[in-house]
Amino acid sequence: MSERARPAIDLNADLAEGFGRYALEGDVAVMPLVDSANIACGFHAGDPRTIDAAVSAAKRHGVRVGAHPGFPDLVGFGRRMMALGTHEITTDLVYQIGAVDAFCRRHGVRLRHVKPHGALGNLAWQDTSVADAVVAAVASVDPELAVLAISGSALESRARAAGLPVAREAYLDRAYRADGTLVPRTEPGAVLHDEHAIVERALELVRHGTVRAVDGTVLDVGPDTLCLHGDTDMAAPLLSAVRTALESEGVALRAFGGPADLPRTAHPAPRSTRR
C-alpha cells in the first residue's frame, strides 16, 4: 500500500496536569507515544514549571502542542460545573491560552490547537453561548489555532461558523451515550481500562469512523484525532498497544492537519474575525 493511500490518524493526550510537587509521573512515558499534547494551563491543573517541562518535552519528541484550558477549579480538577458568564469564560481562556503560547515561544515552537477541559468542554459541546465564548477566545488569540471538538457538538458548529479550523475528537477511554455525549465520570463504566476494548475501539474509529454507545447505538463521529487521557490508569501501555495495533494495520500516525510541531519562524498576527 502506498504512503499516500494509507489512512492516517492523530493520537492525543491531556498532559501537564500535575501541580507543584504533585506530578503525574505518566507524562514522561506518554509524551513519546502521542502526536499531539493538550497542555493544562494552570486553572484546573498545571503550573509554570509543569507547563515549561511539558512544552520542552513536546518539542524534544516532535509532538504538536495545544492548550487545554478549563474552569478555575484546582480542587475539583476542572470537572465541576461553574456558573461563569460568557465574558468570564472568554477572558479566562485568553489568559490560559496565552500562558501556554508564551512557553511555546520560549521553546521556539508553535501553539497549534485549543481543547476545552472537563466541565467547560462538556458545556461548550452543548451550550451555544458557551461555545461562542470559547470560539471568541481562540479567534482573538490566533484564528489559525484549531479547535478540538466532538462530532456534532455546538463547539464544532460555532467554530466552523467563525472560520476556525476544527479537528473532530473521539475518545478511546470514555464511554459514550446514544446522543454522542460522554457518560459522566460519576457513573460506573464511564472510563474504559480494558486494553482489548480500547484497541478495538481505535481500529473501529479508523476503519469506519464510528464508535458504539453503551446501549449499542453506532455513532458516526468521523474523527481526526483520538484521545486517551494522560491520567487514565496505565495510559502509557494502553497508548503503546493502540499505536502498535494501528501501525500493524497500515495506519499512518501523525498530527492532524499537517506535520508535527515545527520550529517557530514567525508568529502570525491575529486577523480580524469580522465578516
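Tutor: Helix H5 covers residues 128-141, and at 1.5 Å a residue its 14 residues should span 20 Å, which agrees with the 20 Å between its end C-alpha atoms. The expected span is 1.5 Å times one less than the number of residues, and helices (H or I, at least four residues) and strands (E, at least two) are DSSP runs numbered from the N terminus. This is a predicted model, in which local features need pLDDT of at least 70 and side-chain atom pairs count only at pLDDT 80 or more, whereas totals for chains, interfaces and linings use all residues. Residues are numbered from 1 along each chain as its sequence is written, and side-chain values use heavy atoms, with hydrogens and water left out.

Student: Which residues of H5 are buried?

Tutor: They are Val 130, Ala 131, Ala 133, Val 134, Val 135, Ala 137, Val 138, Ala 139 and Val 141, where buried means under 20% relative accessible area, exposed over 50% and partly exposed in between (1.4 Å probe, protein chains only).

Student: And what do they pack against?

Tutor: The buried residues of H5 pack against helices H3 (86-107), H4 (118-126) and H6 (154-161), and against strands S4 (111-114) and S5 (146-149); a contact here is a pair of heavy atoms within 4.5 Å.

Student: How many residues does the largest nonpolar core have?

Tutor: That core has 81 residues, and those with the most contacts inside it are Val 65, Ile 97, Val 100, Leu 155, Leu 172, Leu 226 and Leu 246. H5 gives the most to this core, with 9 residues. A nonpolar core is defined as a set of buried Ala, Val, Leu, Ile, Met, Phe, Trp, Tyr and Cys residues joined through side-chain atoms within 4.5 Å.

Student: Take Ile 97, then: what does it touch?

Tutor: Leaving aside residues up to four places away in sequence, Ile 97 touches Ala 67, Leu 111, Val 114, Val 138, Val 141 and Leu 145. Val 138 and Val 141 are among the buried residues of H5.

Student: What about H6, which residues are buried there?

Tutor: In H6, Ala 154, Leu 155, Glu 156 and Ala 159 are buried, and their cover includes H4, H5, S5 and strand S6 (166-171). H6 is followed by Gly 163, whose phi is positive, near 85 degrees.

Student: Switching to loops: where does Leu 228 lie, and is Leu 228 buried or exposed?

Tutor: Leu 228 lies in the loop between S9 and H8 and is buried, with a relative accessible area of 0%. Its C-alpha atom is separated by 5.4 Å from that of Leu 172, although the two residues are 56 apart along the chain. Apart from residues up to four places away in sequence, Leu 228 touches several others, including Asn 12, Asp 14, Leu 172, Ile 198 and Leu 238.

Student: How many salt bridges are there?

Tutor: The structure holds 14 salt bridges, each being a side-chain nitrogen of Lys or Arg within 4 Å of a carboxyl oxygen of Asp or Glu. One of them joins Arg 79 and Asp 231, with the closest N and O atoms 3.2 Å apart. This pair links distant parts of the chain, with Arg 79 in the loop between strand S3 (64-68) and H3, and Asp 231 in the loop between strand S9 (225-227) and helix H8 (235-248), 152 residues apart.

Student: And how does Arg 110 pair with Glu 144?

Tutor: Their side chains meet in a salt bridge at 3.6 Å, N to O, which links the loop between H3 and S4, holding Arg 110, to the loop between H5 and S5, holding Glu 144, 34 residues apart. Arg 110 counts as buried at 16% relative accessibility, whereas Glu 144 counts as partly exposed at 37%.

Student: Zooming out, what is the radius of gyration of the protein?

Tutor: The protein has 17 Å, which agrees with the value near 19 Å that a compact globule of 275 residues would have; the radius is taken over C-alpha atoms, and the globule rule is 2.2 Å times the number of residues to the power 0.38. The C-alpha trace spans about 45 × 40 × 40 Å along its principal axes. The protein has 8 helices and 10 strands, and buried residues make up 55% of its 275 residues.
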